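Please find below my notes on the model that you sent for comment. They are set out as numbered points, to be read beside the sequence and the coordinates.

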Amino acid sequence: MASMDKYRTHLYDEGEENTSWRHGGPPTYDMVNKLFEEGRTKDLLKRLCRNAIKTWEMELSHKTNLHDFKTINPEKFKLFVNGRKGLSGEETLKLGSYNALLKTSLPEKFQYYKAGTETFESSHEAFKMAFPRGFAWEVLSVYSGPPVIVFKFRHWGYMEGPFKGHAPTGDLVEFSGLAVLKVDSLLRTEEVEIYYDPAELFAGLLKGDPAADATADINTTAANLQACPLFKRDQLKDGNEEVSA
C-alpha cells in the first residue's frame, strides 16, 4: 500500500481499488509536495479550500471516468476560465487541466501555446519537462465560504527544463488569480470560475533562449503578437509523479 497523501483524498481510500486510473494506478505527488512545503506562504494557507482543489486537480489529471470523481457533481459541473464559455465535466476531462486553462479566443497566429493542437498527454508532458520539480499551487486568501467560495491562488515552479523550444532558465515562474467555486450540500463542486492573466505565466516560460530550429516560428509569432491589440510588448519580454498543484 502506498503512503497516504497529506493534501489529497480519494487516492488510496477504500473504494478506490476499482477506479479507472489513466496510468494504471494512483499518482504520487512527493516532489511537488516538497516544493509546496518549501515555498508556500504558511500564514495565509486555508487548509480546507487548498486540499479540495488539490484533490480535484488530482482527479482531473489521473482518473479517466468522471463518475469516479468525488470532488464534483458530474451532472452539473462547469468550468469557466476568464469569462469564456463553460466546459462540461466530460469536456474538461478530455482536454486536461492545462489545455482547459490555456484555451484562448485569440487567432492561432497570435498564440504561443496552441491548446487546440495539444492533446491531454502532450500538454502534461510539456509542463513536466519545464518544471521537473513540480508546479506547486496554494491558496493565498479565502474571501467567502460555502456555498460560494471565493479565493485568491498562486501557482509557481522553477523552469529547470525546456518549454516549447525555449531553454531552461532556472528562474521562478509564477502567476496568481482569483477563483469562485459553487458547491452543493455535499461540498461537491458544481461550477468553477477562474480568472488570471496567462501573460504572467508565459513571460517566465518564454524568457529562455529559443532553440535554433524554433527561432523562425517564434519570431513570426512575436511579430504577430506585437500587432495584436490585446497584447503589450512588455508582457512578452520579460508516468505517475505528478507535476501540478
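**Notes on the predicted model**

1. The structure holds 15 aromatic pairs, where rings of Phe, Tyr and Trp (its six-membered ring) pair if their centres lie within 6.5 Å. One aromatic cluster is formed by Y98, Y113, F127, F131, F135, W137, F151, F153, F163, F175, Y196 and F202.

2. A word on the basis of these notes: the model is predicted, with local features needing pLDDT of at least 70 and side-chain atom pairs counting only at pLDDT 80 or more, whereas totals for chains, interfaces and linings use all residues. Residues are numbered from 1 along each chain as its sequence is written, and side-chain values use heavy atoms, with hydrogens and water left out.

3. The protein chain has eight helices and six strands, which are DSSP runs numbered from the N terminus (H or I of at least four residues for helices, E of at least two for strands). Along the sequence their pattern reads α-α-β-β-α-α-α-β-β-β-β-α-α-α. Of the 245 residues in the protein chain, 48% are buried; buried means under 20% relative accessible area, exposed over 50%, and partly exposed in between, with a 1.4 Å probe and protein chains only.

4. Two charged side chains are placed over rings, a term that requires NZ of Lys or CZ of Arg within 6 Å of the ring centre and within 35 degrees of the ring normal. The charged end of R8 sits over the ring of Y29, at 3.7 Å from its centre, and the charged end of K54 sits over the ring of Y7, at 5.9 Å from its centre.

5. L11 lies in the segment before α1 (30-39), and it counts as buried because its relative accessibility is 3%. Not counting residues up to four places away in sequence, L11 touches D5, E16, W21, P26, P27 and M58, contact meaning heavy atoms within 4.5 Å. L11 and K63 are 52 residues apart in sequence, yet their C-alpha atoms are 9.9 Å apart in space.

6. The largest cavity has a volume of about 370 Å³. Of the 24 residues that line the largest cavity, S97, L101, W137, H155 and I194 are the closest to its centre, and the elements giving two or more residues to this lining are α2 (47-62), α4 (97-102), β4 (148-158), β5 (172-183) and β6 (189-196). By class the lining has 20 nonpolar, three polar and one charged residues, with Ala, Val, Leu, Ile, Met, Phe, Trp, Tyr, Cys and Pro counted as nonpolar, Asp, Glu, Lys and Arg as charged, and the others, Gly among them, as polar.

7. For the terms used here, on a 1 Å grid over the protein atoms alone, a cavity is a set of points where a 1.4 Å probe fits but cannot get out, a pocket is an open set with protein on both sides within 12 Å along at least five of seven lines, and lining residues have an atom within 4 Å of a point. Grid points are joined across faces, edges and corners, and a volume is the space filled by probe spheres set on the points.

8. The second largest cavity holds about 30 Å³ of space, and its lining consists of W56, L60, L66, F69, I72, F77, G89 and T92. Two or more of these residues come from each of α2 and α3 (89-95). T92, in helix α3, counts as buried because its relative accessibility is 1%, and beyond four places in sequence T92 touches L60, F77, L79, L87 and A100.

9. The largest pocket has a volume of about 510 Å³, and of its 25 lining residues the closest to its centre are L48, C49, N51, A52 and L187. The largest share of this lining, eight residues, comes from α2, and by class the lining has 13 nonpolar, eight polar and four charged residues. L187 is in the loop between β5 and β6, and its phi is near 65°, a positive value in a residue other than glycine.

10. Two further backbone points deserve a look. The peptide bond from P146 to P147 is cis, with omega near 10°, and P147 is placed in the loop between β3 and β4. N82, in the loop between β1 (78-81) and β2 (87-88), has a positive phi near 50°, and N82 counts as partly exposed because its relative accessibility is 30%.

Note on methods. Rings of Phe, Tyr and Trp (its six-membered ring) pair if their centres lie within 6.5 Å; planes under 30 degrees apart count as stacked, over 60 as edge-to-face and the rest as tilted.
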